[in-house]
Amino acid sequence: MPLWLIVSATMDAVSSVKLPVRQIYVSSSLWKKNLAAAGPQKFTQEFIDKQVEEFEVGKRHLANMMEEDPETFTQEDIDRSIAYLFPSGLFEKRARPFMKHPEEIFPKQTAIQWDAKGRPFHFLFYTGKQSYYSLLHDVYEKILAIERHQDKMRNKGLFTSDTKQILLTGSRWLLKEEIEENLVENISDQDYMRLIQLMEKLLSMPYCSLEKEFILKFRKQLEVQSSKYEIPALQYDPQGVAFSVADGRRKTAKASITLRDSGSGNITINGRNYLHYFPVLQNRVQLMFPLLFVGMMGRFDIEGSVEGSGHSAQAGALRLAISRALLSFVSEGEVEKMRQAGLLTADPRIRERKKP
Amino acid sequence: MAAGVLTGVRQVLRGPRLVSAVFSCHGQTFSSAAAAVKSPAAATDTAATEKILNFPLTQPDYFRLSELFTMKDLFEARVHLGHKKGCRHRLMGPYLFGSRLDIDIIDLEQTAEHLQRALNFTAHVAYRGGIILLVSRRRQFGHLIETTAQECGEYAHTRYWKGGLLTNASIQYSPGVRLPDLIVFFSTLNNVFQQHVGIRDAAKINIPTVGIVDSNCNPSLITYPVPGNDDTPVAMEMYCRLFKMTINRAKDKRRQMELLKGISASV
């Protein structure tokens with residue numbers, strides 16, 4: 001006979017006719033909770049507050065014991081004192097006695113996302129990814145609003161395709177990790193792609209400038225690369241001749257160049273003529289290229305020193321040094337052109353180690 | 001109406017009972033420490049709350065939902081248009097009026113009856129403070145349904161349905177989460193024309209469902225099926241409007257009754 005029938009029978013017995021009651025005994029394993037399935041232990045806020053209080057009191061006691069000022073007793077002092085009072089020979093550091101703030105001991109609980117009656121706060125709670133889906137919802141809302149605006153303009157006859165467009169150069173979309181940080185939620189790669197596609201769709205509409213600040217929240221400004229490297233200052237000789245000094249590196253070769261103005265195109269490296277130092281044509285071409293690019297071939301005298309690595313690497317190092325020295329003689333637009341030609345980028349390739 | 005009567009002990013416990021503070025969680029009831037204390041004032045309070053909760057169940061159409069729609073409205077919203085004869089589901093046969101030019105026509109008399117029952121049930125659930133989840137997997141109407149849910153203070157799920165949302169809730173969310181008390185499907189099929197997983201899961205967990213079933217859907221596992229068109233925007237907007245009005249009406253009524261109780265208790 002099932003248990004609930006027994007219970008109802010006994011209740012009936014109290015009020016009216018006495019029915020025969022038969023006791024059923026079940027083993028205690030029926031009532032035992034499956035502790036493993038309960039998940040990590042949860043602590044109430046009051047319990048944690050009590051622990052914090054006890055910790056603060058204990059800290060003051062410890063300071064008094066060690067005859068130090070309780071006000072300026074730091075965590076390092078606590079660790080030192082505990083190690084002194086309870087010396088332990090255990091090898092595992094985590095098994096030794098410790099006294100830490102309860103915040104570090106008890107795991108952080110996520111804030112409860114529903115009110116006292118159990119109703120969740122967010123209307124998309126049951127999807128599992130409430131912030132991400134609510135973001136998609138908002139973006140779609142904006143797309144619809146822009147479409148309605150477009151229709152209104154069309155009705156009035158004021159529709160134009162050449163409205164103010166949002167400037168997107170010099171910025172990039174936020175990365176998946178940055179969006180996860182903003183939303184405080186984990187999203188998958190496909191979710192991220194979907195979000196970027198929606199934003200692109202928003203951008204493709206003619207009147208997207210209405211939502212400019214919203215879109216710019218999802219774009220990150222890229223730092224202007226040219227501002228990273230300082231242009232070497234133009235220095236002057238006692239004779240009044242301008243010159244600039246710059247360094248360059250390639251593989252293990254280090255080069256230093258002095259570029260003198262109002263010269264005749266002489267190049268001296270390590271005290272020798274470049275024709276002697278670089279018998280191979282390719283290396284001499286590398287030296288010439290920066291000057292050829294800016295069109296100042298016969299204008300400068302180059303004096304350089306280089307050491308390390310082989311002849312090609314030394315030529316590359318010298319080329320970088322010449323380009324950098326040229327920056328002080330050349331205009332802003334030319335600098336950008338040189339950067340785009342790759343003259344100002346240091347070659348990052350180095351020799352790879354030997355593997356079995 | 002028979003459908004208005006909530007059957008089962010669990011459903012009676014499902015609404016929040018302010019006095020005894022019992023939270024029901026699908027099979028397990030936890031009572032707080034304050035439950036044991038009872039005073040004469042609390043006793044009259046309990047009686048008033050019980051009256052508020054039980055009185056609507058005695059009336060057939062307590063929220064007067066029959067004035068929300070007529071059969072003509074359903075016809076003008078093209079609710080009677082089903083899919084082609086070849087797409088027909090064999091269990092939808094009884095709900096169809098017939099087929100014209102190979103298109104199945106849904107019987108609006110039956111639809112009106114079923115819709116009345118479904119709306120009545122939704123109203124009673126909302127009146128008792130139940131959680132209502134609006135579900136649909138149609139991308140065309142996802143935004144509309146989410147907006148409807150926001151406007152009536154309920155919840156929506158129009159995205160990819162993760163496997164254990166209902167059946168594995170204590171791990172997917174946190175232990176102690178409260179699951180929806182009613183799930184309303186605005187379209188019972190997912191994007192690959194298979195039955196939505198939520199219908200089967202809700203049936204497993206004993207959550208009642210209301211569903212708009214088109215002529216290619218399976219109405220068997222749904223508690224309150226409503227045969228009707230789920231493809232036309234006009235029809236979907238009408239359903240959203242009807243459900244929003246029912247839920248808002250029910251919640252307003254509840255607030256009104258609570259206020260009256262407060263006034264009569266102070267008097």
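Author: A salt bridge is counted here when a side-chain nitrogen of Lys or Arg lies within 4 Å of a carboxyl oxygen of Asp or Glu, and a search of the whole structure by that rule finds 33 of them over all chains. This is a predicted model, in which local features need pLDDT of at least 70 and side-chain atom pairs count only at pLDDT 80 or more, while totals for chains, interfaces and linings use all residues. Residues are numbered from 1 along each chain as its sequence is written, chains are lettered from A and ligands numbered from 1 in the order in which they are written, and side-chain values use heavy atoms, with hydrogens and water left out.

Reader: How many salt bridges cross the interface of chain B and chain A?

Author: The rule finds 1 across that interface, and Arg119(A) forms a salt bridge with Glu154(B), with 3.0 Å between the closest N and O atoms.

Reader: And how many residues are in contact on each of chain B and chain A?

Author: On chain B 30 residues are in contact with 20 residues of chain A, where contact means heavy atoms within 4.5 Å. The area buried between the two chains is about 2,300 Å², and carbon and sulfur atoms give 59% of it; buried area is the accessible area (1.4 Å probe) that two parts lose on being put together, summed over both.

Reader: Which three residues supply more than any other three of the area that chain B buries?

Author: Those are His143(B), Tyr155(B) and Arg159(B), which supply 29% of the area that chain B buries against chain A.

Reader: Switching to helices, at what angle do H5(A) and H5(B) pack?

Author: Helix H5 of chain A (residues 130–156) and H5(B) pack at about 110 degrees, with their axes 11 Å apart. Helices (H or I, at least four residues) are DSSP runs numbered from the N terminus, and axes are lines fitted to C-alpha atoms, for helices over the stretch in contact, with angles running from 0 to 180 degrees between N-to-C directions. H5(A) and H5(B) are therefore roughly perpendicular to each other, a term that covers 65 to 115 degrees.

Reader: Which residues meet there?

Author: From H5(A), His137(A), Tyr140(A), Glu141(A) and Leu144(A) meet His143(B), Glu146(B), Thr147(B) and Gln150(B) of H5(B).

Reader: Back to chain A, what do Arg80(A) and Asp77(A) do?

Author: Their side chains meet in a salt bridge, at 2.9 Å from N to O. Because Arg80(A) and Asp77(A) are 3 residues apart in helix H3 of chain A (residues 75–85), about one helical turn separates them.

Technical notes. Helix = DSSP H or I, 4+ residues; strand = E, 2+ residues; numbered from the N terminus. Parallel < 35°, antiparallel > 145°, perpendicular 65-115°, else oblique.
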